Amino acid sequence: MDTRVVTRPTRTAAVVTLMAIAFDVLVFQHPVGIGLGPAGFLFAAVVWFGEWTLSIRPTSTARILALVLAAIAWIPTFRTAPPLTTFTVIAILGLGIVCIRVLAHDDLRTWTVGRYARALGTSVLAAVVETFTFLTEDISFGRAGGRVGRVLVGLLVVLPVLIVFIVLFAGADAVFSRLLDDIVSIDLGRFLAHTLTVAALTWAGIGMLRHALRVETSAPHPDPCPRLVVEATAGLVAVAALFAVFVAIQFAYLFGGLDTNTGLTYAEYARRGFFELVTVGALIVALSLAVDRLVQGIERSRVVDALLTVLVAETLVVLASAVVRLRSYVAAYGLTDARFYAAVFLIWAGVVLVLVAAMLLRGQRSRFALAAFVTGIVLLIGTAAVNPDGVMARTNVTKYPVDVGYLSSLSADAVPSLIGHLDPWILCEMVEESGDWRSFTLAQARGRQALRDAGVPCES
């Protein structure tokens with residue numbers, strides 16, 4: 001176990017605090033927009049110049065992840081679809097945590113899926129508990145300033161609590177509130193929100209940085225010998241047999257178009273069960289990972305590998321069935337957020353299943369985990385490039401009657417495709433600016449320009 005501590009803790013604390021302030025100014029307290037891009041660039045700059053900023057020599061893996069994070073952070077500048085923004089923020093958080101985790105050492109090429117999960121879990125825990133150790137053990141003020149430094153640390157830790165008490169007392173007593181207003185004329189609620197945000201980001205950042213220097217650097221212990229192979233074989237045979245029956249039904253009735261004798265038309269039959277089949281695909285990926293991790297061990301079982309290969313092939317047919325059902329859904333009812341992003345997940349699940357057969361079943365756990373991680377990031381960038389709300393708008397305007405209520409709920413990304421289909425005042429509301437430069441998006445600017453080109457100028 002590597003027991004190093006932060007080499008220059010005072011500088012580290014200062015840099016992390018300045019980053020937290022910058023993130024608060026650029027990203028928080030207002031809608032996500034262009035401000036996220038500079039915040040991601042700042043994070044990448046701190047990582048790339050880690051020897052000067054944090055006194056840590058960053059790994060090449062951390063630098064690559066930081067660049068990817070910086071690129072993804074610009075997605076909300078170009079796209080305003082709320083689900084896409086949510087997925088982008090989640091991806092940034094995950095990339096940021098992994099980047100900090102491998103900042104000083106380690107290589108993702110050796111990571112398994114389980115190690116990704118452990119790294120995320122331990123890093124989140126470290127964000128909560130490690131900073132206290134950093135403040136009490138790592139920071140040194142020298143003999144002369146030791147007592148003063150400890151007092152300052154205590155005041156720093158208790159500052160957020162003091163602010164909460166001040167706000168509560170101001171709300172409970174008018175005289176105290178007036179006295180406070182005479183001393184400081186600021187919006188206490190807003191000040192509290194910004195202070196707590198900066199404090200939380202600083203605390204979490206320092207904790208994860210300290211954890212990144214103390215994680216185990218030795219090679220992982222080898223897996224135990226194969227076990228439960230007979231039990232796993234029996235279970236997989238049962239699951240594969242069930243899937244075989246379902247696949248046979250799909251070929252006969254869904255792909256072949258035979259009469260279902262269920263009282264449903266072919267279209268009604270095809271539209272049923274899409275989301276359930278997407279869930280099936282996700283569960284099979286999880287089952288493959290569990291069997292590989294808990295049963296296979298170092299020496300692989302050819303029988304288990306063969307059964308998993310059959311199960312993967314059957315699941316790919318099930319996912320193809322889900323694609324057919326999705327097309328029927330869209331043909332009948334149009335395209336919605338849930339259907340679009342479920343289709344995106346369907347694509348990723350199919351790719352991961354192919355990776356299971358190509359890598360995981362050949363004993364290449366680390367390569368599989370990294371490939372699945374990379375394909376997820378690529379799929380997110382590809383989804384942003386496709387413009388989901390634009391696709392939904394172009395699809396749904398061909399349906400009759402046009403669902404004006406749903407189309408008007410889409411983001412500014414859809415406006416160029418909706419001109420001539422919705423009332424101009426609705427389109428102008430969809431591209432309305434937030435009034436804060438940090439929330440500016442090119443999607444809103446393009447929408448306003450498209451409306452002006454169509455002779456529909458919106459009042460500013």
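**Close-up views of a predicted model**

View 1. Leaving out residues up to four places away in sequence, Thr-85 touches Val-32, Arg-79 and Thr-80. The structure shown here and in the other views is a predicted model. Thr-85 lies in helix H6, which spans residues 82-101. The relative accessible area of Thr-85 is 15%, and the residue therefore counts as buried, the cut-off being under 20%.

**View 2. Packing of helix H14 against helix H15.** Helix H14 covers residues 302-333 and helix H15 covers residues 337-358; their axes come within 10 Å and cross at roughly 165 degrees. Because angles over 145 degrees count as roughly antiparallel, H14 is described as roughly antiparallel to H15. The crossing of the two helices is left-handed. On the H14 side, the contact is made by Val-312, Thr-315, Leu-316, Leu-319, Ala-322, Val-323, Leu-326, Tyr-329 and Tyr-333. H15 contributes Arg-339, Ala-343, Leu-346, Ala-349, Gly-350, Leu-353, Val-356 and Ala-357. By class, the residues of this contact comprise 14 nonpolar, 2 polar and 1 charged.

**View 3. The largest nonpolar core.** This core holds 110 residues, and those with the most contacts inside it are Phe-43, Phe-274, Leu-418 and Met-430. Helix H14 supplies the largest share of the core, 12 residues. In soluble globular proteins, nonpolar side chains tend to be buried together.

**View 4. Contacts of Phe-274.** Apart from neighbours within four places in sequence, Phe-274 is in contact with Ala-322, Arg-325, Leu-326, Tyr-329, Ala-342, Ala-343 and Leu-346. Among these, Ala-322, Leu-326 and Tyr-329 of H14 and Ala-343 and Leu-346 of H15 also take part in the contact between the two helices.

Terms used
Residues numbered from 1 in each chain as written. Predicted model: local features only at pLDDT ≥ 70, side-chain atom pairs only at ≥ 80, totals over all residues. Heavy atoms only, no water. Axes fitted to C-alpha atoms, helices over the stretch in contact; angles between N-to-C directions. Helix = DSSP H or I, 4+ residues; strand = E, 2+ residues; numbered from the N terminus. Parallel < 35°, antiparallel > 145°, perpendicular 65-115°, else oblique. Left-handed = near helix turned anticlockwise from the far one by under 90°. Contact = heavy atoms within 4.5 Å. Nonpolar A, V, L, I, M, F, W, Y, C, P; charged D, E, K, R; others polar. Core = buried A, V, L, I, M, F, W, Y, C linked by side-chain atoms within 4.5 Å. Buried < 20%, exposed > 50% of the residue type's maximum accessible area, 1.4 Å probe, protein only.
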